[in-house]
Amino acid sequence: MGEQGIGRRELLAGMGAGTVGAVAALGVGMTPVWAKESEGRVEGSWQAVIHVEQPPDKAVTFPAMFGFAGGGVVTRVDGRDNAPSLGTWKHSEEGIVFQRIEYQFAGGALVRTVAVRAVAQVDGNSMSGTFTGLVAGNFYRSGSFTATRVPAQGP
């Protein structure tokens, strides 16, 4: 372009090279996260069976549904009374770790909120794990659960 400086083509070519470099650098930093997520993909809906094991006098088994969304959102609907819960999940060294707050109702009134922490392992379309649930020191439950992925099927 002679002495007039950088031309439009040269500018665009330089911007393109810079963009490719930035994307490549970003991709290098994100590779471990992608690899880890692919090892135990959790996003989707799961049909679960919950086994409350402790304390022994409160042992019970019941169905529930889990929903895991990208970005770390987890929901659960209790199969006994449709009690809703909402929380967060992430990949960790332990497996899939999630925390949620569960709202329990009786006769239309909120009776208590339960803070639940769970750790799970995902193997394809199966999940299994353990949990603990606490309410301000006066309520404690722990146990295990298994779940099966609900397949996405078209019409």
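**Figure 1. R100 and S85 meet side chain to side chain.** In this predicted model, a polar contact of 3.4 Å links the side chains of R100 and S85. A polar contact is a pair of N or O atoms within 3.5 Å; within protein, one must be able to donate a hydrogen and the other to accept it, and residues adjacent in sequence count only if both atoms are side-chain atoms. R100 has a polar contact of 3.0 Å with the side chain of E102 as well. R100 sits in strand β5. R100 counts as buried because its relative accessible area is 6%. Buried means under 20% relative accessible area, exposed over 50%, and partly exposed in between (1.4 Å probe, protein chains only). Leaving aside neighbours within four places in sequence, R100 is in contact with residues including F66, R76, L86 and V114. Contact means heavy atoms within 4.5 Å.

*Notes for every view.* Residues are numbered from 1 along each chain as its sequence is written, and side-chain values use heavy atoms, with hydrogens and water left out. As the model is predicted, local features need pLDDT of at least 70 and side-chain atom pairs count only at pLDDT 80 or more, while totals for chains, interfaces and linings use all residues.

**Figure 2. A106 belongs to strand β5.** This strand covers residues 95-106. A106 is partly exposed, because its relative accessibility is 45%. The C-alpha atoms of A106 and D81 are 8.9 Å apart. Along the chain, A106 and D81 are separated by 25 residues.

**Figure 3. The largest pocket has a volume of about 320 Å³.** Elements giving two or more residues to the lining include β1 (44-54), β5 and β8 (139-149). By class, the lining holds 12 nonpolar, 2 polar and 9 charged residues. Here Ala, Val, Leu, Ile, Met, Phe, Trp, Tyr, Cys and Pro count as nonpolar, Asp, Glu, Lys and Arg as charged, and the others, Gly among them, as polar. On a 1 Å grid over the protein atoms alone, a pocket is an open set of points where a 1.4 Å probe fits, with protein on both sides within 12 Å along at least five of seven lines; lining residues have an atom within 4 Å of a point. Volume is the space filled by probe spheres set on the points, which are joined across faces, edges and corners.

**Figure 4. V73 lies in strand β3.** V73 is partly exposed, because its relative accessible area is 37%. V73 and G87 are 14 residues apart in sequence, and their C-alpha atoms are 5.9 Å apart. Neighbours within four places aside, V73 is in contact with G67, F68, L86, G87 and W89.

Figure 5. E43 lies in the loop between α1 (8-39) and β1. P55 lies in the loop between β1 and β2. Helices (H or I, at least four residues) and strands (E, at least two) are DSSP runs, numbered from the N terminus. Not counting residues up to four places away in sequence, E43 touches F68, A69, G70, W89 and R149. A cis peptide bond joins Q54 and P55, with omega about -10°.
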